[in-house]
Amino acid sequence: MQPVTLQNVVDSLVDNTLDMSLPFFRPELALCATIVILLFVRIFKGGEYIPSFFIAILGSITALILAFPAEGFESWATMPRQELFTGMLVYDTLTAFIRIFLLSFVVLFIILSRLTGIADAKDGQDYYALVLGATLGMCIMSSANHMMMLFMGVEMASVPSYVLAGIVKGRQRSSEAALKYVIYGAGTAGVMLYGISLLTGVLGSAHLPTMAASLADLDIPNLLTTAEGRLTVMVLVLGGLMLGVGLAFKLSAVPFHFWCPDVFEGASAEVDAFLSVASKAAALVLLLRVGAGLGLTTAELPVADSADPPRVIAVAANETTAPTQNAVLVKQVADSQDATHVGGGPLSPVRRFFVILVSLIAIVSCTFGNLAAYGQTNIKRMLAYSTIAHAGFMMMAVAAAIALAGRDVVDARTAVSALLLYITLYLFMNLSAFAIVAFLRNEMHSEDIADYAGLIRTSPLTAVMMTAVLVSLIGLPPLAGFWPKLRVLQALYMAGGPLMTFVLVAAALNTAIALVYYLRVAKTMCIDPEPDTRGAVSLGFLPAAFVFVVSVPVLIFGILPGPLANWTDLAVSQLFS
Amino acid sequence: MFNFPLANLLSEPVGVAHYVTVGAILFICGALCMATKRNALGVLMGIELVLNGANLNFVAFGSQYLRNDGHSLGLDGQLMALFVIVLAAAEAAVALAIALNFYNNHDSIDVDRADQLRG
Amino acid sequence: MDPDTTLPVLLMAAWLVPLASFVLIVLFGKYMGPRGIGAGYLSVLAIVTSAIFSLIAMFGVWLPNHDFPAAHESEHSSSTHDGAVVSATDESHSKDSHSNNPHPDYYTGDWYSLGEFGTLKLTIGYYIDSLTVAMFCMVSVIASCVHIYALGYMHDELHEQFVDHEVTLSSGEHLHRKGRFYRFFQYLSLFCFSMFGIVIAGNVAMVFVFWELVGICSYFLIGFYIERHSASTAANKAFIVNRIGDFGMLIGMMALWSSVGTFAFGDMKNEKGEVEQGLFSLLRPEESEYQLAPPAGMIAEQKRMFAGDPNASAGDAATPAIDPKRNTQGQWLLFIAGVGIFCGCVGKSAQFPLHVWLPDAMEGPTPVSALVHSATMVAAGVYLVGRFYPCFSPEALLVIAYVGCITLFIAATIAITATDIKRVLAYSTVSQLGYMMLSLGLGGWVAGMFHLITHAFFKGLLFLCSGSVIHAVHTNDMTFMGGLRKKMPITAYTMLVGCLAIIGAGFPLSVYGLSGYYSKDAIIEQAWSFGSVNPQHAILKWAPVAGAFITAFYMFRLWYMTFAGQPSDPHRYDHAHESPRVMTGPLIVLAAFAIGIGWPIFHVNDLLEQGRPVGTLSATHGELLTNLTIPSEHDSHVPLIKIPAGIAAFCTALAGVLLASIIYLWRLLNPDELKESFKPLYGFLWNKWYFDELYNYLFVKPTLIVSHCAAWFDRNIIDSILHTSAAICKACSKVVDALFDQTVVDGTVNTLASGTWGLGLWLRKIQTGSLRQYVMFIVIGTVALFVTISIVQAYFIPTS
């Protein structure tokens, strides 16, 4: 044991950082470097002649390449979970997967921004810096292992998004959207931070696994028998709920969704694509991390690691003086396993709380989003509600995963795999939908659904692609959107229990409800007569090619979901262990 | 293990509970301020109050002198408070810029004027 | 280079490049250069790339790694005399002189698994042996020539306004339409891709998939001039006739799979490293010395089939009583499977009785005819028989031989009277395919495959030449041609090379001749070898010789009528001109191949010998027909058979050429007088043995009558019943509707629908747009959640 001197501490920190953590952090570093270059390049003479687009796309592609595992995807099957920067971040297959996902998205997104011309020569550098900064925040969000990183990630993802929402200057609606977004976002961030302060204060740590361990130490079922204990639990529940408020804001889950339709309508369609895909994906992974981080310790897992005796068992062994209490605990654990279907262990109340909370919000979001999308006249607003509904659907997968994690790791992995498949396919669906909206806005200067009437006659490719994407968003079989929905329902079915069955029924019903408003748009585009006033609508070659490239996977993966599903299965193969 | 018996606050020496109570009061004030102020700057101030309420908690929970029972957040608490201050500053800067942009377009920073987007 | 890894990659590249070209042209064909000319270049580039890959696979990978069976050859040639003596004296011993051959060198594996349904695995896989590589080279080289040629031939389609002189609209004008240059090349690319797919396929199911793709491509290409009634009818005919054959193929596949349980050809290792046996190993197990032995599953399946049927079981019981030595276990099912698969080949390779589509397929553009007739579609059928060879029982082979024999004779006779230059060539193709089938059916695997390859080159050449002629004189009818030799010398002499090659010109009993000489003589030798051991099937011995005579006659008739003598239509003659270089270039290349591809120094024969299917070297005896013997192919090289067969082939061909010269060159006999004197025969042949009429009366008319009856029945009986019942239902429903539906059901549904809609609209009102209210909702939402979750946890989730 080395003496604890400042020198030793600094040395070990430097070793840890340079040797272990930084190699896994290369994509993020590449993003940082790109942002710095973007901002500083104009200081130098002639710098303004370098198009920001090239810097941004080069940087993001570099980051994407760095994010790919050097030993090939097969190495994921054996990759262990590693904590970086002394436990601030966690690097596992889920991090690796979601980072590749986010960076691929950002590459496509930068190309889209260039094609639609939203990032012009004047604003380009700011725009790309904001996009890359938000992406950096999302990367941190999805690998957070510490409450500070959680908060910082959420803020780093949000603050640039506020500006992006108002990036179109001189438009009243745009500035209104940005104001609403920033105030709502900052408000929920404040609430979340307060919740974090309560949780960390009571549990004495901000490191998620340590928090889980002290939650297990608290022995919640026993705590509830005393008045003092009930108060502590109340504080924890309150803290948990407030933390949930912040996450629900990022997910635009009901009842914290109010910003979403307004911001989506006011902001430009490109930014909407960014918010609806990348931001949601990162938030969902974060939700999963919080759920798994607080709801599971190694002792909770059905397959306990014998080499590393879990702390909770050690605690239980110390309490041999009170055998009766232990017996009660064991009995409770056994009973609760039967009743609530979240598995046993001292953390089962935490999981139950999490699962109930997430399931309730998910059901309400899904139903509300689908219902409120009825009767919308603005396509962006309609898609905003659709986003809310989809976020609800995806949250169901998270709930199922956490419910299953206490019982059967393999089933829980299936649920997470369903979530990842959903996120991935959602990228193609929503990116192409918003790309089409953006390109059509450039051509027709309108975002009203009514103005899309009869588009199939003047611009058949666009109309067909849009229809395919919408049908895929409903989740009808020949298209890609069907598979993730099916797999989420499958995961819910595996989870079992009255609550999950209720969620399952709600999810199935919602698919039917969603049919109406998506098909209404498809009908407007394909069947309604063309208005006389509109001229020819043509996207041009590059935009059409972009839309084609992004939406063709919807068709391909609809028929051959195998490779993608295998990939997501691989990405979860080491989870929860 | 931890409880906040309000009645005992006045009779006890200053401890975590006192700080947390002040933090809670700040939080509630901030929340009320956010929800009631019509001026955008007022709303932003409310947000600052909420953040500072949380910050106070962090500092209090992190202090070894106030709570020396091994469950202290330790340096984590102090660090988080510092980070939050930085993040709050960044957020405030962005929020003020957006409020200015709003003023340019609407000649007002009354948040009730932001009602074009609805439904 | 390691052939195990490089061959699949190279051939896959060769296979997929045309697909890429197809996809690109489908998507962007319109935009490629002025009126899609770029599409043509892209397609040519793709197929040439394929050819290069194939040639690399052949010369860079296959040949350096696989020695020719030289040892075997030398042993064979040294023991030729002994073998001859033995086979002449003691037939049973000759079987032992050639020990049965094991599996040839092959590489097989799966690229992609489409799905597993129980034990049924559907995969995209490959099976590569020397035949595969040889076919790849042949197909890609010929297709390259045809593609390049088509660039010149189809240039009319480049015009913005293409005038189709063969279509007259009701207004009396010719049809004007946009040129479809890029579309033509798009189909050509898909066609090549499909053909490569068949060749490389590693299992029967994949073969079937690409089989159908070839069918649909031929449909598109034959019907390329879709506005011409004849073209669209021909396309339909080709497709429907092919479907009939495919039906048989499906039956064969089902019989195979239900009894053997796999579709894969070769043995391959699965993930666990176990060897999964393919069809060839299962049907010709090593234990039985690679003799055809129906596996246990097949025997059980046949027993089950016959036991289910009482009559059959009686017959089954009776069969062993007649001859207890006969082992018919599983043989019937094997026969059904073999004949079923062969049915598919009959359709695709235009064998009797499904040969009727091929001549009509001449309605497509000439490059398509060249491709369809030489390297791709019709070759596919022969190739499949060759690929599937180990699975055919001797009886199935006999069926194949007879079908081939009939086809070769019928088609040759029809070609005598045809005057359409392309039809003559079409019937000659049918006839030559008959030769190949005959050869395969008689045990001459190498001979048949060899003829497939040589024929591909000279038939491709002949068709392209005919296209060049048609291009020059704008008619297909040979009676309007004549004397064109002077106008278009390159076409004339390359075509002469083709004619000489197809009749098998060469110096008898030597090793000098054109490519057709080697392959055709090999077939005739095999036929004679077969005839010597199966005297009851003597017709199979004489038909190919007679066919050689007729072939020589009609080919030279064609050449004389086209290029020799006096121009019969001076107007057309004056306008005729030699084709551009882009068309004559491929002709010269193909002519060189037609001359030389068969020469022994090129070792094509040895290459094919490397790929000889497992267990097909020794003579085999029929189990169902006990007096049937399929002789070993090597027995046909003994001088006792080789010399008379070679002389017979040479003499008949020479006689055919002489007769043609007498009638059409020296005009010693007047063809018109001959026509008069043999009028009934001429009419019979002119009308193609009345096959079309026969089919029309036998199948088409009865089908139409039945369908008319059915339609009448449908309209008058079923419909009236339906209408009556509908009326009754309607009346009832009106009553129910009035009483119950409008009030209760509609009420509920409408309330639900409008309720949902109303709820949706009402929910929009929550979104007031007021920011302060939103912030308020943060707090309210948190509290509401707290309450809800407490209630749910307390009352709805049962706890201990």
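Reply: A starting point is pLDDT, which is the predictor's confidence in each residue, on a scale from 0 to 100. This is a predicted model, in which local features need pLDDT of at least 70 and side-chain atom pairs count only at pLDDT 80 or more, whereas totals for chains, interfaces and linings use all residues. Residues are numbered from 1 along each chain as its sequence is written, and chains are lettered from A and ligands numbered from 1 in the order in which they are written.

Me: Which elements of chain A have the lowest and the highest mean pLDDT?

Reply: The lowest mean belongs to helix 13 (residues 311–318) of chain A, at 37, and the highest to helix 6 (residues 147–165) of chain A, at 94. Helices here are DSSP runs of H or I with at least four residues, strands are runs of E with at least two, and both are numbered from the N terminus. Chain A as a whole averages a pLDDT of 85, with 92% of the residues scoring at least 70. Over residues 302–339 of chain A, however, pLDDT stays under 50, and the model has 39 contacts beyond four places in sequence for this stretch. Two residues are in contact if their C-beta atoms, placed from the backbone, lie within 7 Å. Where pLDDT is low, the predicted coordinates should not be read in detail.

Me: Where does pLDDT stay under 50 in chain C?

Reply: One such stretch is residues 71–98 of chain C, for which the model has 24 contacts beyond four places in sequence. Over residues 309–326 of chain C the pLDDT is likewise below 50, and this stretch has seven contacts beyond near neighbours in sequence. The average for chain C is 78, and 90% of the residues score at least 70.

Me: What makes helix 6 of chain C roughly parallel to helix 19 of chain C?

Reply: The axes of helix 6 (residues 130–153) and helix 19 (residues 445–473) of chain C come within 11 Å and cross at roughly 0 degrees. Angles under 35 degrees count as roughly parallel, over 145 as roughly antiparallel, 65 to 115 as roughly perpendicular and the rest as oblique, so the crossing angle makes helix 6 of chain C roughly parallel to helix 19 of chain C. The axes are lines fitted to C-alpha atoms, for helices over the stretch in contact, with angles running from 0 to 180 degrees between N-to-C directions. Among the residues that make the contact are M138(C) and I142(C) of helix 6 and A456(C) and G460(C) of helix 19 of chain C. By class, this contact has 13 nonpolar, three polar and no charged residues; Ala, Val, Leu, Ile, Met, Phe, Trp, Tyr, Cys and Pro count as nonpolar, Asp, Glu, Lys and Arg as charged, and the others, Gly among them, as polar.

Me: Why is V469(C) called buried?

Reply: A residue is buried if 20 or more other C-beta atoms lie within 10 Å of its own, exposed if 12 or fewer, and partly exposed in between, with C-beta atoms placed from the backbone. V469(C) has 27 C-beta neighbours inside 10 Å and therefore counts as buried. V469(C) is found in helix 19 of chain C, and its contacts beyond four places in sequence include I421(C), M481(C) and T562(C).

Me: How do you know that the span of helix 7 of chain A agrees with its number of residues?

Reply: The expected span of a helix is 1.5 Å times one less than its number of residues. For the 32 residues of helix 7 (residues 172–203) of chain A this should be 46 Å, and the end C-alpha atoms are 46 Å apart, so the span agrees. Of these 32 residues, 30 are buried.
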